[in-house]
Amino acid sequence: MINVAEYQRSIGILKKASTPHGFVASLQEHDNYRRIWTRDGSMNSMAALLSGEADLIETVKATLHTIFTHQHPSGFMPSNVSIGGAVSYGGTVGRADNPSWAVITLCQYALLQNDPTFAKQFLPQVDRCFSVMDAWEYNGKHLLYVPQSGDWADEYIQHGYILFNQLLRIWALQLAAQVFEKESWAAKAAKIREVVEINYWNRLGAGPLYAGNLKHQMEKAPQGFWLMGFNPARIYPQFDLQANALAMILGLGAADENKEAFQFMQGIYLRKKALLPSFYPSIEADDPDMRELENNYAYTFRNRPHEFHNGGLWPVWNGLLAAAAVIMEDTEFAATITQEIETANQKNQHQYNECLQGETLDPIGVPFCTWSAGGHVLAIAYLEGKRLFT
């Protein structure tokens, strides 16, 4: 049963976050959140497109215009753009996921609104997005190398061949091939997909591994879900919620693999009875990985155990999980997760916090975070039978 009042409240947050330049990441000025971010703007834009709200769809166009007109000449996309037009391409490092986010959102607009003309004005920028991502392979072997702090979890430990970023690139290429009618982009997406399916599920003998070191690293790697990623020194043991959810939405791999990963997700929910953490389990204080976290922050340290990226509960990515549950034909679980998103967003008098503490469920992070509303709208849209293009 759809909670209409809560849905309308989330739509209201998106409307309050609408500016002539696009969606801002928070309704309040906090650090640099009251800006148009490529990543946050993309998630909110896709939710807005599925909502069908005409005024929100106009903000989608504004968001896309702001993002693409501030592309760096080298091809990478802004981290964020201020209302006044000041542009940031990242802090310590740039954002390896943003070229994909930008292209995905542009193509979703073109396909859902049946308006390819709007997208085609940005074809030169789309070309540069794919060109810079080709360069970021570094070795021509089809996987994007992501620097530490180079994607959404920019204060976490991961770097190297991170799955979520490979999936975003596949999605961008598949969509752009449809909108711009370029078979070479579809072929590249298929090749990346092939490499990903072999290297991100722990089953030796499935095909040629990306690198020789993976053979002995896989011996101690986790099983039962899509791997978070790897680099020359290691495979990451944590479960990555957003990567596994997107894998299901994109139909990655075999049906039994996604079914096993989905059951793993459900098992986490049965233990926690709350939103799922973005990365699980949490890195504890005595874990050697904690040393990677302790100094990796811009303003204040936020990655204590069960907080922020380190086991925090993010409504936005649980919205992606709800969409994946619908794709996996478990609408009951999708509805349960959607209700958990509503409970999270209602805390502190509907403050729509960025995330919750993973054990106490207390709201933490930035309040009135727009994509906490966007994740809710996305979940409801999928429950209502609406779909993004893949």
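Predicted model: local features only at pLDDT ≥ 70, side-chain atom pairs only at ≥ 80, totals over all residues.
## Helix α1 and its buried face

Let's start with α1, which runs over residues 4-16. Its 13 residues reach 18 Å from the first C-alpha to the last, close to the 18 Å expected at 1.5 Å a residue. Glu6, Tyr7, Ser10, Ile11, Ile13 and Leu14 are the buried residues here. Look down the axis of α1 and these buried residues fall within an arc of 155°, so they line one face of the helix. As a reminder, an α-helix has 3.6 residues a turn, so residues three or four places apart point the same way.

What do the buried residues of α1 pack against? Their partners are the strands β1 (18-19) and β2 (22-23), plus the helices α2 (38-51), α3, α14 (331-350) and α15 (370-383). Turned away from that buried side is the face that carries Val4 and Lys16, both exposed.

## α13 against α15

Helix α15 turns up again as a partner of α13, residues 315-327. The two pack at an angle of about 10°, and their axes are 7 Å apart. With an angle under 35 degrees, α13 is therefore roughly parallel to α15.

On the α13 side, the contact is made by Pro315, Val316, Trp317, Gly319, Leu320, Ala322, Ala323, Val326 and Ile327. From α15 come Trp371, Ser372, Gly375, Leu378, Ala379, Tyr382 and Leu383.

## Two buried polar side chains

Ser45 sits in helix α2, and at 0% relative accessibility it counts as buried. A polar atom of the Ser45 side chain lies 2.7 Å from the backbone oxygen of Gly41. Not counting residues up to four places away in sequence, Ser45 touches Phe23, Val60, Thr63 and Thr105.

Gln71 belongs to a loop instead, the one between α3 (54-69) and β4 (80-81). Is Gln71 buried or exposed? Gln71 has a relative accessible area of 10%, and since the cut-off for buried is under 20%, Gln71 is buried. Its side chain has a polar atom 3.0 Å from the backbone oxygen of Gly75. Beyond its neighbours within four places in sequence, Gln71 is in contact with Phe76, Met77, Pro78, Tyr89, Gln125, Arg128 and Cys129.

Most residues other than glycine have a negative phi, and most peptide bonds are trans. Here are some exceptions. The peptide bond from Tyr280 to Pro281 is cis, with omega near 0°. Pro281 lies in the loop between β10 (279-280) and α12 (290-294).

Ser149 isn't a glycine, yet its phi is positive, at about 75°. You'll find Ser149 in the loop between α6 (123-135) and β6 (161-162), where it is buried with a relative accessible area of 8%. Lys273 also has a positive phi, near 50°.

## Ile364 in β12

Last up is Ile364, in strand β12 (residues 363-364). Ile364 has a relative accessible area of 21%, which makes it partly exposed.

Leaving aside neighbours within four places in sequence, Ile364 is in contact with Glu307 and Phe308, and with Asn353, Glu354, Cys355, Leu356 and Gln357.

Conventions: Residues numbered from 1 in each chain as written. Heavy atoms only, no water. Helix = DSSP H or I, 4+ residues; strand = E, 2+ residues; numbered from the N terminus. Buried < 20%, exposed > 50% of the residue type's maximum accessible area, 1.4 Å probe, protein only. Polar contact = N/O pair within 3.5 Å; in protein donor to acceptor, adjacent residues only side chain to side chain. Contact = heavy atoms within 4.5 Å. Expected span 1.5 Å × (residues − 1). Arc of directions from axis to C-beta. Axes fitted to C-alpha atoms, helices over the stretch in contact; angles between N-to-C directions. Parallel < 35°, antiparallel > 145°, perpendicular 65-115°, else oblique.
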